[in-house]
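Hi,

Here is the structure we talked about. Please open it alongside this note; what I found follows below.

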Amino acid sequence: MSGASVAQVVRRVTLKLVWPVVAASFLILFVRGIESFENPALLGLPAGIEVFTSSIYQAIQAYPSNVGLASTTR
């Protein structure tokens, strides 16, 4: 409207309005990921019960890490 290009409007207006939503989304995803791992890690690993999240954790913690196994589903 005042002579700004589309790129300037996106950078100066749209991204500033969207940034809090993007940050909150990543925070919620992180917390949900930690929540889904908490019970299997505290209860399942000491008892030897392996679920999807604990198998990923064990594949990453092994030396050398098995990233291929951790990135695929079993």
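Start with one residue. Val22 is partly exposed, at a relative accessible area of 31%. Val22 sits in helix H1. Bear in mind throughout that this is a predicted model.

Now the overall build. There are three helices and zero strands. Along the sequence the pattern reads α-α-α. The radius of gyration is 21 Å, well over the 11 Å that the globule rule gives for 74 residues, so the protein is more spread out than a compact globule. Along the principal axes, the C-alpha atoms fill a box of roughly 65 × 25 × 20 Å.

Next, the surface. The accessible surface comes to about 6300 Å². Carbon and sulfur atoms account for 68% of that. Of the 74 residues, 9% are buried.

Some of the burial is in helix H2, residues 52-61. Which residues of H2 are buried? They are Ser54, Ser55 and Ala59. These residues cover an arc of only 140° around the axis, which puts them on the same side of H2. What do the buried residues of H2 pack against? They pack against helix H1 (6-47) and helix H3 (67-71).

Best wishes

Conventions
Residues numbered from 1 in each chain as written. Predicted model: local features only at pLDDT ≥ 70, side-chain atom pairs only at ≥ 80, totals over all residues. Heavy atoms only, no water. Buried < 20%, exposed > 50% of the residue type's maximum accessible area, 1.4 Å probe, protein only. Helix = DSSP H or I, 4+ residues; strand = E, 2+ residues; numbered from the N terminus. Arc of directions from axis to C-beta. Contact = heavy atoms within 4.5 Å. Rg over C-alpha atoms; globule rule 2.2 N^0.38 Å. Areas by Shrake-Rupley, 256 points an atom, 1.4 Å probe, with all protein chains shown as cover.
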